[in-house]
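Okay, thanks for coming, everyone. Let me put the model up and we'll walk through its surface.

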Amino acid sequence: MSAMAALRAYLKRFALAVLLLPAAAPATAQSWPPKTVRIVIPFVTWCLAHYAISMIFFGEGSFRDICVSAGFSFGPYIVLAPLTTLVMTNTMTLQERGLYMSLSWITRAWVAYLFYTHMRVIHDFTTARTLATYAIGAATVIVIWALAALVFALSSNTWEFFYQVFYEV
């Protein structure tokens, strides 16, 4: 068997199965749509809630400004999370977990500070008004998700009712 034939066989069996065929992945691996939804839905919900609340408080930023600044606020997390999760967890011992946890909390605090600073600057709010906007925005996110859950529950019950009526008739 030549080297080219061996390479072709390797690519056919292993590389293509891993890269192109998601069905060949292990059963415990998740596909990318659920992971994307877990990131995009909370982000969009936060941006909508914060935009609505900031307009009530006469904020000066647009929806685009809020989305862009919220995305940039996640910059340290995007850069440092893979570093701490992939590199440090595979090279550190259990006694050194304090370093890992402290870097994780420093990253979260940095992201929270960036969220606060970006929104304060975008809307030209004072510190008190910015913190009030965040508290009310968090409550608004909870209300939006509760209403979405309520709509889902009622629609599924309605669907089940009509299905049973059709089945009986």
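So, Ile39, Val40, Val44, Leu48 and Phe63 make a nonpolar surface patch of about 420 Å². By patch I mean residues with over 30% relative accessible area and no salt bridge, nonpolar side chains (Val, Leu, Ile, Met, Phe, Trp, Tyr) being joined within 5 Å and like charges within 9 Å. A salt bridge is a Lys or Arg side-chain nitrogen within 4 Å of an Asp or Glu carboxyl oxygen, and areas are Shrake-Rupley with a 1.4 Å probe, only the protein chains shown counting as cover.

Quick caveats: this is a predicted model, with local features needing pLDDT of at least 70 and side-chain atom pairs 80 or more, while totals for chains, interfaces and linings use all residues. Numbering runs from 1 along each chain as its sequence is written, and side-chain values use heavy atoms, without hydrogens and water.

Helix 2, residues 32–56, gives the most to that patch, four residues; helices here are DSSP runs of H or I, at least four residues, numbered from the N terminus. Phe63 sits in helix 3, residues 63–73. It's partly exposed at 31% relative accessible area, that is, between buried (under 20%) and exposed (over 50%).

Now, which helix gives the most to the lining of the largest pocket? Helix 2 again, with five residues. The lining includes Arg38, Ile39, Trp46 and Phe115. A pocket is an open set of 1 Å grid points where a 1.4 Å probe fits, with protein on both sides within 12 Å along at least five of seven lines, and lining residues have an atom within 4 Å of a point.

Methods:
Helix = DSSP H or I, 4+ residues; strand = E, 2+ residues; numbered from the N terminus. Buried < 20%, exposed > 50% of the residue type's maximum accessible area, 1.4 Å probe, protein only.
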